[in-house]
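Welcome, and please open your viewer. We will go from stop to stop, and at each one you will hear what to select and what is there.

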There are 2 protein chains.
Amino acid sequence: MKFKRSFCPITNVLDTLGDKWTLLVIRDLVLGKRRYQEFTSSPERIASNILADRLKKLETAGLIARQAYQRNPVRYEYLLTEKGEGLKPVLEAIIVWGKKHYPGTKRFPRVEHR
Amino acid sequence: MKFKRSFCPITNVLDTLGDKWTLLVIRDLVLGKRRYQEFTSSPERIASNILADRLKKLETAGLIARQAYQRNPVRYEYLLTEKGEGLKPVLEAIIVWGKKHYPGTKRFPRVEHR
DNA sequence: CCTGTGACTTGCATTTTGAAAGTCATTGTA
DNA sequence: TACAATGACTTTCAAAATGCAAGTCACAGG
């Protein structure tokens, strides 16, 4: 294997998830969101170009899969892969620490579909 | 409470830790590193100005404390606060996921002192 | 006086981010 | 038949963050 910065697992995770937006997209997916506009309508208001970029990178990294849900015109939605689902414990640990140290923060509720 | 982006705990954690370097500084501290040059000599080669910036922000956020270890001339070292120590489970979860999905990565060993 | 050490700071070019507006195919509405 | 709306993006461009190299500052030891 050839690593970009080092063979530290944390470093390599940060190379794909280390920014202010990527994990929020994962969070939205975990909460049940699937479509472009659902992500852009989250309260953090991710910019459209940033979202497109992150979705592309997450797909390349194998954390999400893009899938058409209709034709004419074709429209896509995004789903977590098993690898992506595996991040749940990381999100959990972050939520536990975050709720403790940022009083007033609260876990977001799952979103319903259709 | 007034939150920058939203009241989501994950979001607020990302506002302080969401970049490619901050968590690596925390990692080094957890491994036992304390001094400026110890951080700059980690294999990821953090730039000196970035390190200074992150140390300042981590201190402001209450995750680390700066402490003089000698005078004439005065020299400083950094230590994790209890709040900072609380991040260990987050690092653990990241390491578990990272080792699984980036084959060849390995947890770094603790460093010795003096 | 001269060199070294440790913890930074400065200057500047490159890269990334963010806000707003635009594109494109197709469908529903007047 | 035109027109607005929908959904998933792309483009433009200014502003902020990053990265590299070099410089600073206080003192210690030779």
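**First stop: one leucine**

Select B:Leu31: this residue counts as partly exposed because 15 other C-beta atoms lie within 10 Å. (Buried would take 20 or more other C-beta atoms within 10 Å, exposed 12 or fewer, and partly exposed is in between; C-beta atoms are placed from the backbone.) Before we move on, note that this is a predicted model, in which local features need pLDDT of at least 70, side-chain atom pairs count only at pLDDT 80 or more, and totals for chains, interfaces and linings use all residues. Residues are numbered from 1 along each chain as its sequence is written, while chains are lettered from A and ligands numbered from 1 in the order in which they are written.

B:Leu31 sits in the loop between H2 and helix H3 (36-40) of chain B. (Contact puts the C-beta atoms, placed from the backbone, within 7 Å.)

**Second stop: where the chains meet**

Show chains A and B together. The contact takes 40 residues from chain B and 40 residues from chain A. On the chain B side, H1 (9-17), H2 (22-30) and H6 (88-101) each supply at least two residues. Which helix gives the largest share of this side? Colour H6(B), which provides 10 residues.

**Third stop: the axis**

Rotating by 180 degrees, with 0.0 Å of shift along the axis, superposes chain B on chain A (RMSD 0.0 Å). This is the relation of a two-fold axis. (The superposition is by least squares on the C-alpha atoms of residues with pLDDT of at least 70 in both copies.) Select B:Asp19, whose C-alpha comes closest to the rotation axis among the residues of chain B, at 2.1 Å.

**Last stop: the DNA**

Select DNA strand D, which 16 residues surround, the closest being A:Arg35, A:Tyr36, A:Ser48, A:Asn49 and B:Asn72. Of the 18 residues around it, A:Pro73, B:Tyr36, B:Ser48, B:Asn49 and B:Ala52 come nearest. H4 of chain A, together with H3, H4 and strand S2 (75-80) of chain B, each supply at least two residues of the surface near DNA strand C.

Technical notes:
A residue is near a molecule or strand if its C-beta atom, placed from the backbone, lies within 6 Å of it. Two residues are in contact if their C-beta atoms, placed from the backbone, lie within 7 Å. Helices (H or I, at least four residues) and strands (E, at least two) are DSSP runs, numbered from the N terminus.
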